[in-house]
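Hello,

Here is the structure I promised to pass on to you. Have a look at it first, and my notes follow below.

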Amino acid sequence: MKFLSFLGSPNRNGNTAEILDRMEKRLSEHGHEAERVYLKDFTIHGCQGCLACQQASDEPVCVQKDDVQDLLRRVGAADAVIYASPLYGWNFTAQLKQYLDRHFCLAKGFATPEHTSFIQGKKVAMLVTCGGPIENNADLVLPLFERMFAGYLKCTVLGEIVVPFCGITGMLDKKKADKAAEELFQCLISTT
């Protein structure tokens, strides 16, 4: 299977990347392909709210000319997708949030009987690392992810992993990193 991860961290070698490294190693050991996309390396404009994407019904389109169309094609080609981010200001990083906003073009007819999604049934998971606790800190990203992916995009959410008390880059406890990577790995392969 092909697993695709989108890393929203501005730090290529931070705690979130370290957990992804370990999870990708486990996938590779089991014969799976793992590709990582560093969102900071791509040009991603914010959604303009123009609704032009809702006019076309046969494919997801956006009037903006940036790297998002290519990234969304990669989502379609993957068997499962992981959205990973450290917690910044009680939310995903700006890099990931801007990309997630552009997923709007992947669904049509929201809140109507004709509601459909171009990635309906796509297997997705979330990884969030944070310096503090989950409660009153990272707990808001869980319903946001669920509402967007399970509700709006009609995906199959395999797991939502939040790793609290990660500390600063380079200080992540190895046992905690291994545990989080294994938990993410298990939720990804549990339905393969």
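**Notes on the model**

Leaving aside neighbours within four places in sequence, Gly151 is in contact (heavy atoms within 4.5 Å) with His115 and Glu146. Gly151 belongs to helix α5, residues 141-152; helices are DSSP runs of H or I with at least four residues, strands are E runs of at least two, and both are numbered from the N terminus. Gly151 is partly exposed, at a relative accessible area of 35% (buried is under 20%, exposed over 50%, partly exposed in between, with a 1.4 Å probe and protein chains only).

Before you read on: this is a predicted model, where local features need pLDDT of at least 70, side-chain atom pairs count only at pLDDT 80 or more, and totals for chains, interfaces and linings use all residues. Residues are numbered from 1 along each chain as its sequence is written, and side-chain values use heavy atoms, with hydrogens and water left out.

Next, the nonpolar core (buried Ala, Val, Leu, Ile, Met, Phe, Trp, Tyr and Cys residues joined through side-chain atoms within 4.5 Å). The largest one has 35 residues, and Phe6, Tyr83, Tyr99, Phe149 and Leu153 touch the most other members. Helix α5 gives the most to this core, with 5 residues.

As for disulfides (pairs of cysteine sulfur atoms within 2.5 Å), a search of the whole structure finds 0. The sulfur of Cys166 has its closest cysteine sulfur in Cys130, 6.2 Å away and so too far for a bond. Cys166 is also buried, at 3% relative accessibility.

Best wishes
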